[in-house]
Amino acid sequence: MSKKIEKIKNNMERFREWEWTRYKKRKCRRIKEHNFTIIASNCGGTFIYYDMGLPYLTPTVNLSMGMNDFVKFAENLKDYLEQEFVEIKEESRYPIGLLGDIKINFVHYDTFEEGVRKWEERKKRINWDNLFIMGTDKDGCTYETIQRFEKLPYKNKVIFTHINYPEFPSAFYIKGFEDRSELGVITFFKKQFLKRRYLDDFDYVKFLNR
């Protein structure tokens, strides 16, 4: 009986992986524009590029910023991109840099030098005519932060929130984190049969096709 159950489980897992691959392919077929830049506060933008098999046309890859820093960064994007990084020496699991007065966490880089090199390389690819700003209701985000985000001078922007904010057109409510003080990690998979990340609740293909 145990071998039979194990076989069923293996078949189900294979189906989940097959369906997940098909799901991403369907998204890829819907993408009309491939030359876009996502400026994101964390890895959400990175996963969109990765899942769609597209090159990273943004420096905000594999890193994170506090949300208040991110709004400040987005308010003066070109000015901050001209700044040079200074390494912050402190106890941390990952390298940290200071860009002007903005703290950048190089979460998925082994060294500060590698993070800076990739940042400099990718910021040259920015498509200033096709910018998308993506924030997240965490890492110090407050109601006032969301208000500032809403005022950012970009027509294509979204901030993912852990509760509903109908007063903010750019806010997109991700369900499942209402009992928390902030949004969880939206690149994690949900606990359900079909493989879906919390991020997949948002139709980012439609967002990018604008």
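Modeller: Let's start with rings. Rings of Phe, Tyr and Trp pair if their centres lie within 6.5 Å. With that in hand, Phe36, Tyr49, Tyr56, Phe132, Phe160, Phe172, Phe202 and Phe207 form one aromatic cluster. Bear in mind that this is a predicted model.

Colleague: How many aromatic pairs does the structure hold?

Modeller: There are 24 aromatic pairs.

Colleague: What makes the pair of phenylalanine 36 and tyrosine 49 stacked?

Modeller: The ring centres of phenylalanine 36 and tyrosine 49 are 5.3 Å apart, and the planes meet at 15°. The cut-off for a pair is 6.5 Å, and planes under 30 degrees apart count as stacked. Both values pass, so the pair is stacked. This pair links distant parts of the chain, 13 residues apart. Phenylalanine 36 is in the loop between helix 1 and strand 1, and tyrosine 49 is in helix 2 (residues 44-52).

Colleague: Why is phenylalanine 36 called buried?

Modeller: Its relative accessible area is 0%. Buried means under 20%, so phenylalanine 36 counts as buried. Tyrosine 49 is buried too.

Colleague: Which residues is phenylalanine 36 in contact with, leaving aside its neighbours within four places in sequence?

Modeller: They are Tyr49, Leu54, Leu57, Asn130, Phe132 and Leu208. Isoleucine 126 is 90 residues from phenylalanine 36 along the chain, yet their C-alpha atoms are separated by 7.8 Å.

Colleague: Next, lysine 195. Why is this lysine counted as buried?

Modeller: Lysine 195 has 12% relative accessibility. The limit is 20%, so lysine 195 falls on the buried side. Its place is in the loop between strand 7 (171-173) and helix 7 (204-208).

Colleague: What makes its link to glutamate 17 a polar contact?

Modeller: The two side chains meet at 3.0 Å. A polar contact needs a pair of N or O atoms within 3.5 Å, one able to donate a hydrogen and the other to accept it. The contact of lysine 195 with glutamate 17 qualifies.

Colleague: How do you know that the charged end of lysine 195 sits over the ring of phenylalanine 189?

Modeller: The charged end is 4.6 Å from the ring centre. The test asks for NZ within 6 Å of the centre and within 35 degrees of the ring normal. Lysine 195 is listed as sitting over phenylalanine 189. Arginine 196 lies over the face of tyrosine 23, at 3.6 Å from the ring centre.

Colleague: On to the sheets. What makes strand 1 and strand 5 a pair?

Modeller: Four bridges join strand 1 to strand 5 (residues 131-136), and the two run parallel. Pairing takes at least two bridges. Strand 1 and strand 5 therefore pair. Within this pair, isoleucine 39 stands opposite isoleucine 133.

Colleague: What is the strand order of the sheet with parallel pairing?

Modeller: This open sheet of four strands has the order 1-5-6-7. Strand 1 and strand 7 are the edge strands, as each pairs on one side only. Neighbouring strands are turned by 25° against each other on average, direction ignored. Helix 3 (residues 67-75) packs on the sheet, touching strand 1, strand 5 and strand 6.

Colleague: Which way do the side chains of strand 1 point?

Modeller: Thr37 and Ile39 point one way, Ile38 and Ala40 the other way, and all are buried. In a regular strand the side chains alternate between the two faces of the sheet.

Colleague: Why are strand 2 and strand 4 said to stand at the edges?

Modeller: Their open sheet of three strands has the order 2-3-4, with antiparallel pairing. Strand 2 (85-87) and strand 4 (102-105) each have a single partner strand, so one side of each is left without a neighbour in the sheet. The twist averages 35° from one strand to the next.

Methods. Residues are numbered from 1 along each chain as its sequence is written. This is a predicted model: local features need pLDDT of at least 70, side-chain atom pairs count only at pLDDT 80 or more; totals for chains, interfaces and linings use all residues. Side-chain values use heavy atoms; hydrogens and water are left out. Axes are lines fitted to C-alpha atoms, for helices over the stretch in contact, and angles run from 0 to 180 degrees between N-to-C directions. Buried means under 20% relative accessible area, exposed over 50%, partly exposed in between (1.4 Å probe, protein chains only). Contact means heavy atoms within 4.5 Å. Rings of Phe, Tyr and Trp (its six-membered ring) pair if their centres lie within 6.5 Å; planes under 30 degrees apart count as stacked, over 60 as edge-to-face and the rest as tilted.
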